[in-house]
Amino acid sequence: MKDNWKRYVFAILVFSFFAFSLHLYSIKNFEYRKGYNSKLAQNGELVWQKYNCQSCHQMYGLGGYLGPDLTNVLSVNGKNATYVLAVIQTGNKQMPANNLSEDEKTEIIEFLKSTDASGVSDPKSFVKQVNGMISKDGNGN
Ligand code: HEC
């Protein structure tokens, strides 16, 4: 059959797909949810999503651009948890006031502590990995 080569190409593509998938999932530390200091911090990300903070703020340079990047907000210019909670509670210029519960307040602060401890937020300094994720040193860290 003159179209046999197409079958070979197809077979090679299918094989490559499975081989690459196998490779990706066998990479050590390949995990989406890592880097949180605690369960509270992980819940804090859900609070962050629930109140749509990412529609106006960036994390690691990604997100909305109406407000500033908040990856390192807790360590910039002496800003602390009290300041952050005050801004969330009262709003600020274009930022709406958000009425968080006490638990949500604790969790979002733990989330921000965790992102702050994870490094700096300039994505240009990150290394792209083979699986499309980014890391600080190219080894998943
Ligand atoms: C509608 C857009 C919008 C949403 C949604 C929003 N913010 Fe903001 N936020 C802003 C803007 C704009 C500013 C900067 C205001 C200014 O110029 O002083 C800001 C400022 C802040 C600041 C102060 C940053 C600094 O460096 O002084 C913090 C902290 C903050 N927002 C946290 C949050 C959190 C947490 C959420 C989710 C609960 C959130 N924001 C949701 C628009 C938003």
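View A. M95, with a relative accessible area of 23%, is partly exposed. A word on the model: it is predicted, local features need pLDDT of at least 70, side-chain atom pairs count only at pLDDT 80 or more, and totals for chains, interfaces and linings use all residues. Residues are numbered from 1 along each chain as its sequence is written, and side-chain values use heavy atoms, with hydrogens and water left out.

View B. H57 sits in the loop between helix 2 (39-50) and strand 1 (58-59), and M95 in the loop between helix 3 and helix 4, so the pair ties together parts 38 residues apart in sequence. Helices are DSSP runs of H or I with at least four residues, and strands are runs of E with at least two, numbered from the N terminus.

**View C. The second largest pocket.** Here you will find about 650 Å³ of space. Of its 30 lining residues, H57, P68, L70, V87 and M95 are the closest to the centre. A pocket is an open set of 1 Å grid points where a 1.4 Å probe fits, with protein on both sides within 12 Å along at least five of seven lines; lining residues have an atom within 4 Å of a point. Helix 3 (81-90) gives the most to this lining, with four residues.

Key:
Points joined across faces, edges and corners; volume = space filled by probe spheres on them. Buried < 20%, exposed > 50% of the residue type's maximum accessible area, 1.4 Å probe, protein only.
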